[in-house]
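Let's take a walk through this model together. Keep the sequence and the picture side by side as you read.

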Amino acid sequence: MSRIADAAKIADRKPDDVTLVAISKKQPDDRIEAMLATGQRVFGENRVQEAKARWAERRLTYPDLELRLVGPLQTNKADDAVALFDVIETLDREKLARHLARSMEKLGRRPRLYVQVNTGEEEQKAGIKPSQTADFVARCCDQYGLEIEGLMCIPPVGEPASLHFALLRNLAEQAGVSKLSMGMSADFELAVRLGATSVRVGSALFGERPAPA
Ligand SMILES: *Cc1c(COP(=O)(O)O)cnc(C)c1O
């Protein structure tokens, strides 16, 4: 999208340094096909089973697809997630780190990993606490042999996202990881200006997700 390139230019960044992750959850097939026809190859989903249904076949047609999991992952779906996704952005607890390490060993496949940070410290939201992020990243590596590529956050509704984007960037620096998954339809340009290396855009790209019938 040219809006990403424009935001990158304003921030004196190269447009190519920002990956557009097209969030395809709940979108109808015709929109997925139209998006593929534009050349878009990086897609994000928030549910393992739904992603499998939408992408397992298409993978064969489009071997250069990159699939990212951006929704919560239950440990009993770790095998499925490791088998399907190229990137898992929602590593948010030690138990999941243990299961992912085991699944990777078993399946001989190593998706790239992001740690999800609960930057707003919201009760109902998944993610590692900001104060524990660097320790958790180190533990993933030391204890489970997992290499963490970056951090991901979903800012609280009704708060300025910029504070959360800036916090995530600081935490990444402290933790020694280089990638930042932040920014959605409402705020991806802001995220790009604040250092996002990938933005997760759904409705602004595909149109509103249809209400379930
Ligand atoms: C659905 C979703 C998005 C995309 O949301 P839009 O507002 O449609 O851009 C991004 N990130 C996550 C984690 C999501 O679940």
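This is a predicted model: local features need pLDDT of at least 70, side-chain atom pairs count only at pLDDT 80 or more; totals for chains, interfaces and linings use all residues.

Residues are numbered from 1 along each chain as its sequence is written, and side-chain values use heavy atoms, with hydrogens and water left out.

Let's begin with helix H7, residues 161-175. (Helices, H or I with at least four residues, and strands, E with at least two, are DSSP runs numbered from the N terminus.) H7 has 15 residues and reaches 21 Å from its first C-alpha to its last, close to the 21 Å expected at 1.5 Å a residue; that expected span is 1.5 Å times one less than the number of residues. Which residues of H7 are buried? They are Ala161, His164, Phe165, Leu168, Leu171, Ala172 and Ala175. Looking down the axis of H7, you'd find these buried residues within an arc of 125°, so they line one face of the helix. The arc is taken from the directions from the helix axis to the C-beta atoms, and buried means under 20% relative accessible area, exposed over 50%, partly exposed in between (1.4 Å probe, protein chains only). An α-helix has 3.6 residues a turn, so residues three or four places apart point the same way.

Just past the end of H7, glycine 176 takes a positive phi of about 75°.

Helix H2, residues 29-37, has its own buried set: Ile32, Met35 and Leu36. These cover an arc of only 100° around the axis, which puts them on the same side of H2. Asp30 and Ala37, on the other side of H2, are exposed. Strand S2 (42-45), helix H3 (48-61) and helix H9 (203-206) are among the elements that cover the buried residues of H2. Here too a glycine comes just after the helix: glycine 39, with a positive phi of about 100°.

Now for the ligand. The residues around it include Ile23, Lys25, Val70, Ile154 and Met184, where "around" means having a heavy atom within 4 Å. Arginine 200 has a side-chain N or O atom 2.9 Å from a nitrogen atom of the ligand. Glycine 202 uses a backbone N or O atom, 2.8 Å from an oxygen atom of the ligand, while a side-chain N or O atom of arginine 209 is 2.8 Å from an oxygen atom of the ligand. The protein covers 88% of the 390 Å² of accessible area that the ligand has on its own, by the Shrake-Rupley method with a 1.4 Å probe.

Finally, some single residues. Alanine 81 lies in helix H4 and is buried, with a relative accessible area of 0%. Not counting residues up to four places away in sequence, alanine 81 touches Val48, Leu69, Leu73 and Ile88, with contact meaning heavy atoms within 4.5 Å. Isoleucine 10 sits in helix H1 (residues 2-10) and, at 63% relative accessibility, counts as exposed.

Terms used:
A polar contact is a pair of N or O atoms within 3.5 Å; within protein, one must be able to donate a hydrogen and the other to accept it, and residues adjacent in sequence count only if both atoms are side-chain atoms.
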